[in-house]
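Student: I'd like to learn how to read aromatic ring pairs in a model. Could you walk me through them?

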Amino acid sequence: MASGSLQLLLCTLLLSLSTFPTHARKPSTPHPLYLPVSKDTTTLQYVTHLSQRTPLVPVKLVVDLGGICLWVSCDFDYVSSSYKPSHCKSKQCVHAAAIGGYCSSCNGNPASQPGCNKNACSFNLGNPFHEVIANGEIAQDIIAIQSTDDGTTAGPLLTVPRFQFTCGIPFLLGGFSSGAKGMVGLGRTNISLPTQLADTVGVARKFAVCLSSSKGVVFFGDGPYVVLPRMDVSQGLTYTPILKNPVRTAVEYFDGYPSYEYFIGVKSIKINGKAVPLNASLLSFDKGGNGGTKISTVDPYTKMETSIYNAFTEAFVREAMSIKMTKVASVAPFKTCFSSKGVPSTRVGPAVPKIDLVLQSESVYWRIFGANSMVQVNKEVLCLGFVDGGVNARTSIVIGGYQLEDNLLQFDLGKSMLGFSSSLLSKQTTCANFNFTSKA
């Protein structure tokens, strides 16, 4: 072969080799990722399955919108060849320290196993159902999560190595949905699932939650979020700022650390357009972080501080009586119940007084229709699906899961904004209508 031809061949070979990456790169336009969600009708918890470990194992988890991180019970049955504890002074431990992590050692027997290693970083984890706390070891392992090509069809399974999570203990699982092994935290921290997926995979710093009484979905990344009959429900959302409470309010709170839960600025409440008379100062944070309104997936129904609850229910009863609804005996856990006889059904649920959570201005409000305000406790009784949160409640209003169902909520972490749809029933669809198996 002529020397010129040989040089050309070598140059071509070197050029072609240089085009192969030496390390994994983030895709330029990553597809959204998603977790399917279902509702446990016994516990009223929202649960999902996330594959983790080597080899991959599907793990049942409770969805915690305001949770600090992904945590999994590791004792006895956690087996993985890719598990690595995060040791003290590591980069992961430094990140954890910013939100309450600390250095500790486990002296178990054997001395080294998932959840029990010397010189390892730890978190205090909380069980929001039984309000108990225990520490867990911060670690890394592989997770796998489903992608969607266009918001309507399932894409390839995406594997994320060295995903940071926390090993809890079985003691923390009291009151959990049967078979659940931990919680998937979506809170505003640097180690929550949405943040880590944005940092490692490159999806937009957004996630969306769409729950229902049967099944739903959590998306990671931007839309479209397409629901049958082929409707992108990310369009036409109303936006309000996400507020940061200066004091942590979760079960495992620490003095000196801000909350990582999602608060919004409810300024007033209206029923059928009439303002409910209440102490408006309770709707803002005081110096101790008390007050305000947060959104929760672990509280089954919206809770209100006692004085707000009393004013709210009195106003609702007044409006209900004006349209000939008949009050009946309460049915626990609800105090305000009505006969369902003569209450018409509409596209958005029972025809009852409309509730508006008024936000940053009179023209921006979250409207709650009958499907999200009334609970059919039996064939003859409808109850107002709000509960008394107690005198001097830590948070004045906690918007619970029932009021979130069939509402799309998009959390823009970059802009600290919440986009919400109000009831999708008004658009003749539901959060149960996401279908990733075929084109709509």
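Tutor: A pair of aromatic rings is described by the distance of the centres and the angle of the planes. Rings of Phe, Tyr and Trp (its six-membered ring) pair if their centres lie within 6.5 Å; planes under 30 degrees apart are stacked, over 60 edge-to-face, and the rest tilted. By this rule, the count here is 17 aromatic pairs.

Tutor: Take Phe219 and Tyr225: the ring centres are 4.7 Å apart and the planes sit at 20 degrees, so this pair is stacked. This is a predicted model, where local features need pLDDT of at least 70 and side-chain atom pairs count only at pLDDT 80 or more, while totals for chains, interfaces and linings use all residues. Residues are numbered from 1 along each chain as its sequence is written, and side-chain values use heavy atoms, with hydrogens and water left out.

Student: Are Phe219 and Tyr225 buried or exposed?

Tutor: Both Phe219 and Tyr225 are buried (under 20% relative accessible area; exposed is over 50%, partly exposed in between, with a 1.4 Å probe and protein chains only). Ring pairs also link the two with Tyr34 and Phe434 into a cluster.

Student: Which kind of pair do Phe263 and Phe285 form?

Tutor: Edge-to-face, at 5.1 Å centre to centre with 80 degrees between the planes. Phe263 is in strand 16 (residues 262–264) and Phe285 in the loop between strand 18 (274–275) and strand 19 (293–295), so the pair ties together parts 22 residues apart in sequence. Strands here are DSSP runs (E, at least two residues), numbered from the N terminus. Phe263 is buried at 0% relative accessible area, whereas Phe285 is partly exposed at 27%.

Technical notes. Helix = DSSP H or I, 4+ residues; strand = E, 2+ residues; numbered from the N terminus.
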